[in-house]
Amino acid sequence: MNFILRGGRLVTHSSPVEAYQGFDADIHVIDGKIAGLLPPGTPLENSQSVDVSGLWLVPGFVQSHTHLVQTLFRGMADDLALLDWLKTRIWPLEAAHDEESTYWSARLGLTEMLLGGTSAILDMASIRHTDAIFQAAEECGIRAHIGKAMMDRENEAGLSEPKDISLHSACELRDRWHKKGRLRYAFAPRFVPSCTEGLLRETVTEARNAGCLIHSHASENLDEVALVRSLTGMDNVAYLHSLGMTGKDVVLAHCIHLSPIERKLLVETQTAIAHCPGSNFKLASGTAPIPELLADGAVVLIGADGAPCNNRMDIFAEMRLAALMQKPRLGARSLCAEQVLDMATRIGGDVLQTGAGDLIVGSAADIVAIDPLQIHSFGGGPEAGCLVYSATPSNVRHLWIGGDTIVQDGKLGAWSLAETISGCKNALSRVRQRAKL
């Protein structure tokens, strides 16, 4: 693999406060990594030239909290708050999945995200059929940390399993998939109300022994926070911390309703927070205090969450919402485009250990080519502002992951779109019939 992207404008991270800048350069890629950033038109022998004239070259986007297992359920759980959303819709639907329907659900979500420029994800599956999600991720070439949802407290949908079975099956998945190509295993206890203390403690031990990320939800909804207090006598993040479930290898989705002590714990332990603004709005969960957390030094990432609580797995929509939702509360510059773009690229890449996240020599060649000359995005402002406030997935022209061409001219190479839709229709029919929804 030896090629050069010629004629593009790089939008890349730099050290000043205004964190992104655009400049014209060619990118030389060898064996999946960026080998050089060259002045435009630099002669280079024995390299294939790829014309990206007029396009912006941006680091691949990282979605740090997704639920591919739920993509088939888009539009089937609208206008509900979190706990009702889970109990009456999501858990019964997840319980109705089979191996094949899980595969098609994952394939649908991966198609949407790849066509929208996402190159890496952190995904939480359900308690069964996680191999099918790994299979779909392997087929399409995305970077993915994936883990089965671990739940050993009984619930209304019967979507739980004994602690020992949950741990054993998670470890088997880890042994099959962890570090297989671009895939990694992430231990994923769903959230405190679904997990006993024993499961959480033993999960932390297993994850750290294997060098895997730990991925969970925390403090998303006020009813959830109250439930955790009734179960544990502690606030959510404080309880997780007491079990060792904080640190640089932990990603907690949402973290909206935090006490001052919990905020301090997240900062001190550098536990990553996966901010999901679309989901937070749609489930009426609240507005996460992201500017305050960033000012204190917290690690904040971004993700779309699942299709039934968003209803799009669109990183551009999430970036726009993340920036806009804070402004009425704290002012126009409370969260700027450059900060949000950083959460979706460089910081996400650091936490998910992609080796990418920026367009610098030595980094993995995870690169999105953006066409800015669309009716909805044309303008004269800085590139970061256009990407966060104006761009949509329709601006994505090409995507390379590890130097491999994943999307070319707006088309995904891994599989047929028509076949994906057909497979999803058949799968959804079976799941709805089983779930009686």
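1. Start with the open sheet. It has 4 strands in the order E5-E4-E1-E6, and the pairing is mixed. Strand E5 (33-38) and strand E6 (48-51) stand at the edges. Each has a single partner strand, so one side of each is left without a neighbour in the sheet. On average, neighbouring strands of this sheet are turned by 25° against each other, direction ignored. Keep in mind that this is a predicted model.

2. Now look inside that sheet. Strands pair through backbone hydrogen bonds, either parallel or antiparallel. Strand E1 (residues 2-6) and strand E4 (residues 26-30) run antiparallel, joined by 4 bridges. Across this pair, Leu 5 stands opposite Ile 27 in E4.

3. Next, helix H4 (residues 163-177). Does its length agree or disagree with what its residues predict? At 1.5 Å a residue, its 15 residues should span 21 Å. The end C-alpha atoms are 21 Å apart, which agrees. After H4 comes Lys 179, with a positive phi near 65°.

4. Which residues of H4 are buried? They are Ser 166, Leu 167, Ser 169, Ala 170, Cys 171, Leu 173, Arg 174 and Trp 177. Their cover includes helix H3 (130-140), strand E11 (149-150), strand E12 (183-189) and helix H5 (197-210).

5. Finally, Ser 119. This residue is found in strand E9 (residues 118-124). Ser 119 counts as buried because its relative accessibility is 1%, and buried means under 20%. Leaving aside neighbours within four places in sequence, Ser 119 is in contact with Gly 60, Phe 61, Ile 142, Arg 143, Asp 366, Leu 399 and Ile 401.

Terms used. Residues are numbered from 1 along each chain as its sequence is written. This is a predicted model: local features need pLDDT of at least 70, side-chain atom pairs count only at pLDDT 80 or more; totals for chains, interfaces and linings use all residues. Side-chain values use heavy atoms; hydrogens and water are left out. Helices (H or I, at least four residues) and strands (E, at least two) are DSSP runs, numbered from the N terminus. Buried means under 20% relative accessible area, exposed over 50%, partly exposed in between (1.4 Å probe, protein chains only). Contact means heavy atoms within 4.5 Å. The expected span of a helix is 1.5 Å times one less than its number of residues. Two strands pair if DSSP finds at least two bridges between them. Axes are lines fitted to C-alpha atoms, for helices over the stretch in contact, and angles run from 0 to 180 degrees between N-to-C directions.
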